[in-house]
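Please work through the following exercises with the sequence and the model at hand. Each task is followed by a solution in steps.

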Amino acid sequence: MRTALRASLATAVLAGAVLAPAAGAAYAATATVPQAATVAPESAPDRFAGTPVHIGEGLVAVLRHEAEGPEAWIRVVGPDWKPGENYMFRVLTVLDRMNITDTANGLDVEITKVNSAAPVLTVTKAGATKSFPMPLSEAGRTHGARCVSSTKRLGLDGTLVADLTTTPDGPQVQLVDGVTKDPYKKLTRTGPALAKGDLTVARILNPSSADPSFEYATPGEADPFETALFPELPKGCTFSYSFTDKAPAPKPSATPSARPTAAAAAGTGTGSAPKTQTAGQTTVVPKGGVAAGAELTEDRDDSTTALAGAGLVAILAGLGTALLVHRRADARR
């Protein structure tokens with residue numbers, strides 16, 4: 001009995017020694033999960049980063065101007081916030097092309113010149129207004145804000161929107177998801193169209209001409225496609241390429257061939273197959289005894305009439321011969 005009890009205790013001690021490290025590791029892993037899942041505000045994605053400016057009332061405006069267009073994210077930072085400190089805290093409102101004005105903590109905030117390459121955020125309190133220039137767009141940084149046209153926004157198929165601009169390098173179309181505000185694809189003079197099978201149909205027509213246009217799909221409309229013109233390049237700015245002529249208009253379909261002659265219809269011509277009668281011709285079906293197997297068209301020439309007359313003469317001649325034979329038979333009887 002004592003021997004069996006000692007054996008059981010030894011087995012339990014050995015099992016505890018084996019299982020203890022695994023249990024400790026599992027506990028340690030469980031204990032560190034919350035700490036590992038915590039993301040510091042500084043590591044927020046670049047999509048929400050920008051240029052923060054203190055606008056008062058414990059708020060900063062995080063200014064952005066990327067492919068999705070100008071944005072001002074109004075965030076709460078507290079009254080003691082200093083430039084260089086973290087600003088990725090609670091959002092009160094967001095201004096963009098679709099929502100250019102709002103109120104936050106008693107401040108009237110608005111994006112002016114929203115469709116230009118250099119928009120401005122204005123902040124008004126008790127009649128006093130402060131202005132904060134927003135960052136330049138990519139085109140503005142490349143060509144200077146003065147030589148970038150205004151932006152024309154169009155709604156496309158689904159949630160996509162298209163921002164049309166003109167720069168010295170030519171027409172550009174930035175496609176953006178209107179809900180998430182994430183940039184999708186960009187069309188340029190050298191890459192003017194989406195690939196076949198993409199989310200929608202969108203392309204720049206005559207991208208290197210003096211007056212290009214943007215064609216896009218409009219599902220559910222009577223005309224499945226719509227065309228829009230690009231904004232003009234500001235005066236005093238020049239294009240960096242030479243214009244090319246517009247693509248020629250599609251040629252009309254081939255003209256109908258001439259009506260076949262009577263010889264061709266009778267099979268004595270070049271041997272080509274007769275053409276199928278078109279639906280526009282009028283068919284006249286004779287009545288009476290000549291109706292069986294007869295079909296004459298209303299539109300016929302003199303040669304057809306001559307052929308019909310020759311056939312009639314042959315029939316009459318056959319009838320005369322038959323009558324003559326019948327009379328001779330009667331005379332012999």
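The model is predicted: local features need pLDDT of at least 70, side-chain atom pairs count only at pLDDT 80 or more, and totals for chains, interfaces and linings use all residues. Residues are numbered from 1 along each chain as its sequence is written, and side-chain values use heavy atoms, with hydrogens and water left out.

**Exercise 1.** Determine which residues the disulfide joins, and the handedness of the disulfide.

Solution. 
1. A disulfide is a pair of cysteine sulfur atoms within 2.5 Å. The structure holds 1 disulfide, and Cys147 is joined to Cys237 with an S to S distance of 2.1 Å.
2. The disulfide is left-handed because the torsion about the S-S bond of Cys147 and Cys237 is about -85 degrees.
3. Cys147 lies in the loop between α2 and β9 (152–155), and Cys237 in the loop between β15 (225–229) and α3 (262–265), so the pair ties together parts that are 90 residues apart in sequence. Helices (H or I, at least four residues) and strands (E, at least two) are DSSP runs, numbered from the N terminus.
4. Cys147 counts as buried at 12% relative accessibility, and Cys237 counts as buried at 13%. Here buried means under 20% relative accessible area, exposed over 50%, and partly exposed in between (1.4 Å probe, protein chains only).

**Exercise 2.** Describe the surroundings of Ser209.

Solution. 
1. Ser209 is located in the loop between β13 (202–205) and β14 (213–217).
2. With 3% relative accessibility, Ser209 counts as buried.
3. A polar atom of the Ser209 side chain lies 2.8 Å from the backbone oxygen of Asn206.
4. Leaving aside residues up to four places away in sequence, Ser209 touches Phe243, Thr244 and Lys246, where contact means heavy atoms within 4.5 Å.

**Exercise 3.** Examine the phi angles of Glu57 and Ala126, and state where each residue lies.

Solution. 
1. Most residues other than glycine have a negative phi.
2. Glu57 has a positive phi near 55 degrees. This residue lies in the loop between β1 (51–56) and β2 and, at 38% relative accessibility, counts as partly exposed.
3. Ala126 has a positive phi of about 55 degrees although it is not a glycine. Ala126 is placed in the loop between β7 (120–125) and β8 (128–133) and counts as exposed at 83% relative accessibility.

**Exercise 4.** Which element supplies the largest share of the lining of the second largest pocket?

Solution. 
1. A pocket is an open set of points on a 1 Å grid over the protein atoms alone where a 1.4 Å probe fits, with protein on both sides within 12 Å along at least five of seven lines; lining residues have an atom within 4 Å of a point.
2. The lining comprises 22 residues, with Ser137, Glu138, Ala139, Thr165 and Gln172 nearest the centre of the pocket.
3. The largest share of this lining, 4 residues, comes from α2.

Methods
A polar contact is a pair of N or O atoms within 3.5 Å; within protein, one must be able to donate a hydrogen and the other to accept it, and residues adjacent in sequence count only if both atoms are side-chain atoms.
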